[in-house]
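Have the sequence and the model open as you read.

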Amino acid sequence: MFTNVAYLYNSLNDMVDTSKSLVVTSCGYYRVHSRPTVSTERPTGRKDYQLLYIAKGKGYFYFDGLDGKQTVITEGNMILFRPGEIQYYYYHAPDKTEVYWVHFTGRMVEGILDNYEMPNNENVFYTGNSPDYAWLYRQIIQELQLCRPNYEELIAIMLRHIFIMINRYIKEGKKSGSEIQNEIDRAAHYFNENYNKPLNIDEYAESRHMSTCWFIRSFKQILKVTPMQYILSLRMANAQSLLETTEYNISEIAEAVGYDNALYFSRLFHKHVGVSPSEYRKMRSGR
């Protein structure tokens, strides 16, 4: 089993802190692949809140105690425990489960959960399997481990980011269908990571076993732009950043954001931003 965990002030205590509106007290990740069973048994629950995310595999939960019904929870689901709720759950090695969890407290937690429309009458809710969830959990773990300046405020913001993503999925995912939402989230993440490489929409759609027309229509329905418009906006935004923060010449910047031809890049930039790359740099530098 692989674990990566972190605790506020290196304390494993079950704490309640009402000095702030939202306080993250611990965060972690389990990848269960060798140890036969990983178990959590808290018959009286905890004093704080806990949000778990099943990224892969499944978990076996008993929300009414071991004498109650077993609920098998699969990937893409979140589990929210409030203070005092019974916690019995298990992960088994054959399922290759990967799960993230975060504990939090604060004087305004219930109001925050209500604001983001988190379910208040059920523990389990489907939120899709966007890679952004795992990234945010990992960032919280890292911040808790490094304790850099203002890290407590930052991890509270990151937790709110997770709540926002859940709320967005609840509002948009149900309208478009969970599978469609997952596909578009996955595509947006892929384009974010690879915008500076040659990207072919037909090839991407084929790699995901989708028709190009269906993919473009679904992408635009959810994100309000076509895939190529989305990729273009990523390239232009990063080109603007490079023009402002580096001394790279136009050809170097064009190549950095995915264009072999600097002249073609300059034309696209002018059309998208309204000025040429050189003019943009002068405007931003004040020269």
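## Helix, pockets and cysteines

Helix H7 (residues 227-245) is 19 residues long and spans 27 Å from first C-alpha to last, close to the 27 Å expected at 1.5 Å a residue. That expected span is 1.5 Å times one less than the number of residues. Helices here are DSSP runs of H or I with at least four residues, strands are runs of E with at least two, and both are numbered from the N terminus. This is a predicted model, where local features need pLDDT of at least 70 and side-chain atom pairs count only at 80 or more, while totals for chains, interfaces and linings use all residues. Residues are numbered from 1 along each chain as its sequence is written, and side-chain values use heavy atoms, with hydrogens and water left out.

Buried residues in H7 include Pro227, Tyr230, Ile231, Leu234 and Arg235, with Met236, Ala239, Leu242 and Leu243 also among them. (Buried is under 20% relative accessible area, exposed is over 50% and partly exposed is in between, with a 1.4 Å probe and protein chains only.)

Now for the pockets. A pocket is an open set of points on a 1 Å grid over the protein atoms alone, where a 1.4 Å probe fits, with protein on both sides within 12 Å along at least five of seven lines; lining residues have an atom within 4 Å of a point. Points are joined across faces, edges and corners, and the volume is the space filled by probe spheres set on them.

| Pocket | Volume | Lining by class |
|---|---|---|
| Largest | about 570 Å³ | 11 nonpolar, 5 polar, 5 charged residues |

The largest pocket has 21 lining residues, with Ser130, Asp132, Met165, Arg168 and Asp185 nearest its centre. Helices H2 (131-146), H3 (151-176), H4 (178-194) and H6 (212-223) each give two or more residues to that lining, and H4 gives the most, with 7.

The second largest pocket is lined by 20 residues, and Tyr7, Tyr30, Arg42, Trp101 and His103 are the closest to its centre. Strands E2 (23-31), E3 (37-42), E4 (49-56), E8 (87-92) and E9 (98-105) each supply two or more lining residues; E3 gives the most, with 4.

As for cysteines, the structure holds 0 disulfides (cysteine sulfur pairs within 2.5 Å). Cysteine 27 has its nearest cysteine sulfur, that of cysteine 147, 13 Å away. Cysteine 27 counts as buried because its relative accessibility is 0%, whereas cysteine 213, at 60%, counts as exposed.

How values were computed
Ala, Val, Leu, Ile, Met, Phe, Trp, Tyr, Cys and Pro count as nonpolar, Asp, Glu, Lys and Arg as charged, and the others, Gly among them, as polar.
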